[in-house]
Amino acid sequence: MSTLTIIYATVFYAATALLLLGLGYKVYDYSRTPAPLKIPTTPAPTTRAGVVYRLAKETVVFESLFKSNKWIWLFGWLFHAGLFLVLARHLRYFTQPVWFWVDIIQPFGKYASLMMVVGLAGLLARRFVVDRVRYISTPSDYLMLVLLLFIGLTGMLMTFVAHTDIVALKAFFMGLMYFDVQPVPADPILLAHLSAVALLMVIFPVSKLLHAPGLYFSPTRNQVDDPREHRHVAAWAARLEETR
Amino acid sequence: MAADVEIPEVKDFIEIPKIKPGAMAHAKSFPAGKDVQEFLGYPYELVDDWEARAVEKMGDLLGKYRSLKVFLDACVHCGACTDKCHYFLGTADPKNMPVARQDLMRQVYRRYFTPTGKLFPKLVGAKALTREILDDWYSYYHQCSECRRCSVFCPYGIDTAEITMAGREILNHVGMGQKYSNEILAKVQRIGNNLGLPGPALEDTLAGLEEDIEADTGVPVKLPLDVKGAEVLLVTPSADFFSEPHVESLIGYAKVFHAAGISWTLSSHASEAGNFGLFNGNYETMRKVAMRIRDAALDLGVKRIVVGECGHAWRVAYSFWNTLTGIGYGGDDPFSIELQKQLDHNYPQPQHICELTNDLIKAGRIKVDPSANDDLVITFHDSCNVARASRMGTEPGGQFTIPRELIRAVANNYHDMDPDTIFESTFCCGGGGGLLTDDLMDVRIKGALPRVTALTAVVKEHQVNFLALICAICKAQFTKVLPKYGFDMSMVGGIHQLVSKAIKLD
């Protein structure tokens with residue numbers, strides 16, 4: 001086995017472990033932290049089903065962002081929807097036989113990369129152009145967009161310009177999944193693409209990418225508006241009642 | 001201070017200003033003194049180990065409040081909130097953009113509580129706590145009215161109010177309390193209301209009002225105090241007893257109870273609906289202040305608890321009273337049951353006075369003559385905490401429809417302001433959340449700009465001459481600030497001031 005393969009296999013095992021453990025810990029930490037008061041941003045749903053619908057709208061069409069700012073919404077939604085299709089398309093490299101719906105979306109997934117890159121470019125441009133957004137941007141905000149653009153562009157390069165040995169790549173990842181490591185193709189564009197993806201996986205649980213799980217734990221969005229009908233008391237707050 | 005404040009120019013539309021860093025850095029609310037701070041259990045001057053204590057308190061709050069933890073992690077700096085805060089729109093100070101206000105705390109959170117902030121502080125904008133940062137907190141956490149407008153527009157629902165509350169709580173713990181809010185918190189606990197009005201004075205005031213009403217209408221409308229066995233306990237902001245135009249609404253409530261034949265009482269022990277514990281983010285204080293209402297309800301044996309026109313009070317009453325004091329339904333613990341078995345389950349508990357009056361009019365139990373308000377062309381300002389932190393009625397959005405239904409029932413001429421400035425998108429009056437103090441007059445005047453802009457438009461287009469309100473703070477703020485923009489302060493008043501004029505007492 002080549003050194004290159006050993007390095008990439010190790011990197012992907014480590015990145016996957018950090019992503020899952022880090023994200024798992026964060027989700028555990030959010031769920032064990034109490035929300036002592038009812039603070040849904042109203043008007044809010046009065047039923048659990050309503051809350052599910054509210055969160056579904058936030059997830060799929062970014063409802064609040066749409067109300068807020070059409071440009072951020074447009075670029076943000078293009079990027080996320082593009083990324084979703086691209087990721088779905090990538091499932092073909094991790095499944096054998098390939099699931100039928102993954103086959104169906106292949107062409108969409110290919111061109112979705114364009115949506116993704118356009119969205120990212122728009123978001124990056126806003127950081128330079130809009131004085132308010134420039135004021136709040138930290139170096140990591142720019143670098144995160146650059147990293148995602150790099151992943152998108154190297155991917156597009158392999159899809160549309162310089163095809164990589166995709167059969168060998170699939171063998172590599174299937175090998176990783178079944179603990180039977182196969183050689184990684186030594187294509188520089190592919191290796192750059194994979195390195196950036198591994199980096200993204202590692203920083204996910206320690207960065208603002210936590211907005212993904214965060215949405216579902218946000219009390220202003222996930223609480224039912226029923227405080228007059230149901231008494232809501234956190235464990236630490238209930239202890240105050242024992243002294244009185 | 002107000003004399004040298006530049007009054008912003010009112011344009012036809014609300015304009016997003018170019019940022020002016022440091023524009024409001026000078027705004028510093030007066031610090032709380034020794035007596036109040038000690039009463040509330042806080043140090044009264046900056047403690048020596050402020051850094052350690054602040055970080056420890058932040059850790060404590062992060063463990064108790066999921067909102068704080070998630071909100072400090074989730075922000076992606078997208079910028080959606082940057083043009084949503086009335087204080088930013090009025091001052092152009094970038095630290096009044098919600099995200100920047102949050103970042104004042106987020107930078108410290110990242111440094112002490114996240115791996116990236118510990119390892120790469122510059123990269124992620126993490127900073128160790130300094131005196132300068134503490135001063136920034138004091139300045140800018142007292143330029144936030146906790147109105148939650150930003151939380152409507154944030155894709156993750158990040159509510160800057162939660163950060164501001166935590167910030168003020170930490171500041172209190174290191175000895176940097178705010179005079180205005182903390183003095184009120186001491187007064188309400190020592191005397192029973194925010195104005196520091198003792199029981200006998202309250203009795204006198206109510207007797208005087210009864211005489212006024214009878215002289216005016218010929219009907220002996222009563223304002224009962226501490227009457228055991230009354231059906232309704234009315235809890236209202238203490239400004240209703242004293243201030244203009246607040247008192248006109250109090251007269252309105254009294255007339256409604258009289259006309260409907262509902263026995264009711266005020267309480268000298270709980271002569272205040274407002275709960276400034278909310279503003280400081282201290283659960284225990286908020287609970288102690290709210291507990292007065294439970295005690296009064298149990299003591300007087302009332303069957304219903306109704307809340308007068310007060311925005312933040314209604315948030316605490318509607319959203320938190322059940323949690324804090326068991327005023328509400330659904331609790332199966334002895335603490336809750338003790339009160340529940342006394343309450344009339346045919347009514348929501350607590351109930352907003354607008355819900356009560358509107359229901360009575362719809363049921364035909366009180367009669368009104370809307371033409372009594374024909375001299376007025378009315379618009380309605382949705383109070384921030386009613387709009388975005390509470391509800392009325394049984395349907396989501398009842399907090400918007402019920403007050404409007406009520407106005408239209410008692411008056412004939414009504415026009416809404418720009419749709420982007422009402423309902424859930426309403427702007428704060430500029431004086432909410434503990435900022436209603438003269439030492440912040442500059443902030444208050446500038447923060448009112450978006451609302452004044454929308455008001456000016458309906459005044460021009462529809463000759464609106466009355467701004468209807470359901471919040472004691474809104475009433476006090478607009479009475480003071482609208483004249484700076486050239487409006488007459490008499491154009492401000494409560495919805496029950498309109499009810500008072502239209503209601504038929506015979």
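Me: How many residues of chain B are in contact with chain A, and what makes a pair count as in contact?

Reply: Happy to start there: 65 residues of chain B are in contact with 59 residues of chain A. Two residues qualify if their C-beta atoms, placed from the backbone, lie within 7 Å. Helix 3 (residues 66–74) of chain B gives the largest share of the side that touches chain A, 6 residues. This is a predicted model, in which local features need pLDDT of at least 70 and side-chain atom pairs count only at pLDDT 80 or more, while totals for chains, interfaces and linings use all residues. Residues are numbered from 1 along each chain as its sequence is written, with chains lettered from A and ligands numbered from 1 in the order in which they are written.

Me: What makes a residue on that side of chain B nonpolar, polar or charged?

Reply: Ala, Val, Leu, Ile, Met, Phe, Trp, Tyr, Cys and Pro count as nonpolar, Asp, Glu, Lys and Arg as charged, and the others, Gly among them, as polar. By that scheme, the side of chain B that touches chain A has 28 nonpolar, 22 polar and 15 charged residues.

Me: What makes strand 1 and strand 3 of chain B a pair?

Reply: Two strands pair if DSSP finds at least two bridges between them. Strand 1 (residues 232–235) and strand 3 of chain B have 4 bridges in the parallel sense, so they pass. Among the partners, Val232(B) is bridged to Arg304(B). Strand 3 also pairs with strand 4 (residues 351–352) of chain B, in the parallel sense over 2 bridges.

Me: Which way do the residues of strand 3 of chain B point, and are they buried or exposed?

Reply: Arg304(B) and Val306(B) point one way, Ile305(B) and Val307(B) the other, and all are buried. Buried asks for 20 or more other C-beta atoms within 10 Å of the residue's own (exposed: 12 or fewer; partly exposed: in between), with C-beta atoms placed from the backbone. Buried residues make up 59% of the 506 residues in chain B.
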